[in-house]
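Opening my notebook on this one.

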Amino acid sequence: MKPLVSVTGLHRSHGPVAAVDGVDLRVDAGEVVALLGPNGAGKTTLTNCLIGLLEPHAGTVTVLDGSPRRAAVRRRVGVVQQDVGFPTTLRVGEVVAGAAIRVGRDVAAATEALDDVGLTALAGQRAARLSGGEQRRLQLAMALVADPRLLILDEPTEGLDVGGRRAFWRTLA
């Protein structure tokens, strides 16, 4: 069986600093993998290569049997990034509905995703006005609405209080 993620000899630098230097990684279906390390260890750089935001300077990255820079691959990957801003004019429900449409799902999938993360009551509120924890849950709803084959989370509980962290992980369980 082919892995969901295959990284071989990945190198990526930011100027003179090697952020990722010779990483090999394989993730098979059903596995949960956590990247742990201190700030500046290259976790976000690796994540950005996995989701197609950065290209490797050397090595290969294959996600769902293709390049993570291809739209067809990206539509099958749910992502919660470390930092995301939301349009000031869009409401929570509109943001998730737009995410559903971008991956070819029915707008009705947004209602279920909002319910899954506990944001149904805030569907009519402007997304930019959410608290930090609510914004993290909105990001998770956007990732889950795609019904992804692979879910990639970059420090998903950063800024959440203890209750928010527990709720976040319960949603994923």
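This is a predicted model: local features need pLDDT of at least 70, side-chain atom pairs count only at pLDDT 80 or more; totals for chains, interfaces and linings use all residues.

**Entry 1: Asp 147**

I started with Asp 147, which counts as exposed at 57% relative accessibility. My scale for that: buried is under 20% relative accessible area, exposed is over 50%, and partly exposed is in between, with a 1.4 Å probe and protein chains only. Residues are numbered from 1 along each chain as its sequence is written, and side-chain values use heavy atoms, with hydrogens and water left out.

Where does Asp 147 sit? I find it in the loop between helix H5 (132-144) and strand S5 (150-153). Helices here are DSSP runs of H or I with at least four residues, strands are runs of E with at least two, and both are numbered from the N terminus. I also looked up the backbone: Asp 147 has a positive phi of about 50° although it is not a glycine.

**Entry 2: charged patches**

Asp 147 came up again in a negative surface patch, together with Glu 112, Asp 115 and Asp 116. The patch rule I am using takes residues with over 30% relative accessible area and no salt bridge, and joins like charges within 9 Å (nonpolar side chains, meaning Val, Leu, Ile, Met, Phe, Trp and Tyr, within 5 Å). Areas are from the Shrake-Rupley method with a 1.4 Å probe, and for residues only the protein chains shown count as cover. Lys and Arg are positive, Asp and Glu negative, and His and the chain ends are not counted. Each charge is placed at NZ of Lys, CZ of Arg, CG of Asp or CD of Glu.

Which residues make the positive patch? I get Arg 70, Arg 75, Arg 76 and Arg 149. I checked one of them, Arg 76: the loop between H2 and strand S4 (77-80) holds this residue, and Arg 76 is partly exposed at a relative accessible area of 32%.

**Entry 3: salt bridges**

How many salt bridges does the structure hold? I count three, taking a salt bridge as a side-chain nitrogen of Lys or Arg within 4 Å of a carboxyl oxygen of Asp or Glu.

Asp 65 pairs with Lys 2 at 3.5 Å, N to O. This pair links distant parts of the chain, 63 residues apart: Asp 65 is in the loop between strand S3 (58-63) and helix H2 (71-74), and Lys 2 is in the segment before strand S1 (5-14). Both ends are out in the open: Asp 65 is exposed at 52%, and Lys 2 is exposed at 57%. Asp 65 also has a positive phi, near 65°, in a residue other than glycine.

Glu 55 and Arg 69 bridge with their closest N and O atoms 3.7 Å apart. Here too the pair links distant parts of the chain, with Glu 55 in the loop between helix H1 (43-50) and S3, and Arg 69 in the loop between S3 and H2, 14 residues apart. I have Glu 55 as partly exposed at 44% and Arg 69 as partly exposed at 41%.

Asp 28 and Arg 26 meet at 3.0 Å, N to O. Asp 28 is partly exposed at 23%, and Arg 26 is partly exposed at 47%.

**Entry 4: the core**

Next I turned to the largest nonpolar core, where I find 24 residues. A core here is a set of buried Ala, Val, Leu, Ile, Met, Phe, Trp, Tyr and Cys residues joined through side-chain atoms within 4.5 Å. Val 92, Val 96, Leu 119, Ala 127, Leu 138 and Val 145 touch the most other members. Helix H3 (92-102), helix H4 (108-116) and H5 are the elements that give two or more residues to this core. H3 brings the largest share, six residues.

From Leu 172 to Leu 153 I get 11 Å, C-alpha to C-alpha, for a pair 19 residues apart in sequence.
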